[in-house]
Amino acid sequence: MRVVLAEDLFLLRDGLVRLLQAYDFEIAAAVETGPELSRALAELEPDVAVVDVRLPPTNTDEGLQCALEARRKRPGLPVLVLSQHVEQLYARELLADGSGGVGYLLKDRVFDAEQFVDAVRRVAAGGTAMDPQVIQQLLSRRAADDQPLARLTPRETEVLELMAQGRSNAAIAERLVVTERAIAKHTANIFAKLGLEVSDDDNRRVLAVLAYLNHGR
């Protein structure tokens, strides 16, 4: 699996390169600026891009904007964004096209190598990998005036949050120490209360939930 990595801090970039290579990823390019990232994404057509939000020369949201532009030119390009903080606008932009293959992780909340590598693989496969704090912000933005969300039970809300992070029924069941059948029942209730179409496909289901949370009133 070929990866384009964009990170302006040398030690972190080098560490990510070594980590990904240790898990058999091919590093197609490891760059440190926005213009370099744009060229690499256009010319190398990687399987997935792992991108820091803030890159030179602007050190604002250069990395994210380069990734979004690359997705416009190549719809569905898998992009995993790394950020220091939860920036709701960034998350909303990343999710706006609803096509999947996206992730948003906070650097200081990635606690082990396998967690990060799993996120990269999930995004590359067209899935999602969203930090729980990002989901909490999307939920809180909707919850204040959203009657369907208010009708969810505490357990259904918990399942919704885990689903929105990109977890399958099996992964949610393992996390909550319940059966997959129980999670399937909670999922059906959630979709009914939110007025969403039920799907057996994990990716489509997650995208439906994220689209719901991402849609402003």
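Is Ala-40 buried or exposed, and what is its relative accessibility?

Mentor: Happy to. Ala-40 counts as buried because its relative accessibility is 7%, where buried means under 20% relative accessible area, exposed over 50% and partly exposed in between, with a 1.4 Å probe and protein chains only. Before we go on, please keep in mind that this is a predicted model, in which local features need pLDDT of at least 70, side-chain atom pairs count only at pLDDT 80 or more, and totals for chains, interfaces and linings use all residues. Residues are numbered from 1 along each chain as its sequence is written, and side-chain values use heavy atoms, with hydrogens and water left out.

Ala-40 sits in helix H2, residues 34-44; helices (H or I, at least four residues) and strands (E, at least two) are DSSP runs, numbered from the N terminus. Leaving aside neighbours within four places in sequence, Ala-40 is in contact (heavy atoms within 4.5 Å) with Val-4, Ala-29, Glu-45 and Pro-46. Ala-30, 10 residues from Ala-40 in sequence, is 8.8 Å from it, C-alpha to C-alpha.

Now for Glu-62, which belongs to helix H3, residues 62-73. Glu-62 is buried yet has no salt bridge, meaning a side-chain nitrogen of Lys or Arg within 4 Å of a carboxyl oxygen of Asp or Glu. Its nearest side chain of opposite charge, Arg-39, is 9.7 Å away; Lys and Arg count as positive, Asp and Glu as negative, and His and the chain ends are not counted. Beyond four places in sequence, Glu-62 touches Gly-34, Pro-35, Val-53, Leu-55, Pro-56 and Pro-57.

Asp-52 lies in strand S3, residues 48-52, and counts as buried because its relative accessibility is 5%. UniProt, in an unreviewed entry, places "modified residue: 4-aspartylphosphate" at Asp-52; such annotations may be inferred rather than shown by experiment. With neighbours within four places left out, the contacts of Asp-52 are Ala-6, Glu-7, Asp-8, Gly-63, Leu-64, Leu-82 and Lys-107.

Stepping back, the unreviewed UniProt entry also places "domain: Response regulatory" at residues 2-122. Over residues 2-122 the chain is 45% helix and 21% strand, with its end C-alpha atoms 14 Å apart. The domain assignment, whose bounds come from an automatic or database source, gives domain 1 (2-144) and domain 2 (148-214). Their C-alpha centres lie 24 Å apart, and the contact takes 21 residues from domain 1 and 14 residues from domain 2.
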